[in-house]
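Biologist: Could you walk me through this model, starting with the charged side chains?

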Amino acid sequence: MAGEGDSEPGKSFKLLGFLDVQNVPCARDSVLYGSLGSLVMGLGHFLATSRVRRSCDVAVGGFISTMLGYWFYCRYTLAHQRIQQRMLKEGMRNRALFEGSYLDPEKKQTGSERSDS
Amino acid sequence: MANHSQLGFQDASSPIMEELMRFHDHAMMVALAICSLVLYLLTLTLTGKLSSNTVNAQVIEIIWTILPAAVLIMLALPSLRILYMMDEVNEPNLTLKAIGHQWYWTYEYTDFKDLTFDSYMTPTTDLPLGHFRLLETDHRVIVPTRSTVRVIVTADDVLHSWAIPSLGVKTDAIPGRLNQTSFSASRPGVFYGQCSEICGANHSFMPIVVESVPLANFESWSSTLPS
């Protein structure tokens, strides 16, 4: 049963006509965090210095740096998860294949423990 | 296969294509950052708030040296990583030869038995219901799933190119030269491609169809091949 707010499969929204923020992992969050960072840094600079022009510069710089910073962090985490997922899948498959056989690493381990005792 | 009016990539069916799509997403994010900056600077320029006197010459020189270098590093490092990954020596399980002609492909499986067949496009008048126009062929290339396949591509007459977008493969077929590529289909399925180098009147009518089947099915198919 589809949850509330689920977008239709295949629906895309392309920012500036080329970045699909709905279907690209981490893209939507990067843009949103970038916007938030831009707002915080720009507003904060304005409140501190009352300089409009420089605050706008800080806001744009903040948007770019926050967006790219979160993008790198998110993609790194995603890659890490993918590697762990692959290792888990491989481990589960090997366990199913070798459990109980002479290739079972757990059996080898308990066998060596018995020979030590 | 691509849907009508599709601009983006087809779904990835090989690990290399998945990596290429991830790199494309990364490049688009960097492009978005650059476009945002350029849009902002353009707005300032057009409203008269930015001129050649706005920033000190030395400062601007430093900025527009450091920033492009940073962009280059952000793009070049992942790009080179994938480039070298595509050229890795990966001990293929099967070698297939693809020879381009005007206007069909010839495939040779010479690993275990000497099998050669031609692959012509199915004409639209002979197309069964539900099949894809200008993409189907009379004989498909059969490969086992999740096995590395080496493809040696050449041509008999003029330049052709053996390309399958969803597998991330495109290799020029040059007469008198053997080009090598490899791929590994991640899942069973049928993958379509088209000749990607202009080769005459029927350049658009010499498609490529690769059918990836489970290894057991591939073995039973190959055992039925005439020796």
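Biologist: Where do E19(B) and R22(B) lie, and how many residues apart are they?

Modeller: Both lie in helix α1 (residues 15-46) of chain B, three residues apart, about one turn of the helix; helices here are DSSP runs of H or I with at least four residues, numbered from the N terminus. This is a predicted model, in which local features need pLDDT of at least 70 and side-chain atom pairs count only at pLDDT 80 or more, while totals for chains, interfaces and linings use all residues. Residues are numbered from 1 along each chain as its sequence is written, chains are lettered from A and ligands numbered from 1 in the order in which they are written, and side-chain values use heavy atoms, with hydrogens and water left out.

Biologist: What do the side chains of E19(B) and R22(B) meet in?

Modeller: They meet in a salt bridge, at 2.9 Å from N to O, the term meaning a side-chain nitrogen of Lys or Arg within 4 Å of a carboxyl oxygen of Asp or Glu. E18(B), E19(B), R22(B) and R81(B) are linked in a network of such bridges.

Biologist: And is E19(B) buried or exposed?

Modeller: E19(B) has a relative accessible area of 15%, so it counts as buried; buried means under 20%, exposed over 50% and partly exposed in between, with a 1.4 Å probe and protein chains only.

Biologist: Switching to chain A, which residue does D57(A) pair with?

Modeller: D57(A) forms a salt bridge with R53(A), at 4.0 Å from N to O, and both lie in helix α2 of chain A, four residues apart. D57(A) is partly exposed at 25%, and R53(A) is partly exposed at 31%.

Terms used
Helix = DSSP H or I, 4+ residues; strand = E, 2+ residues; numbered from the N terminus.
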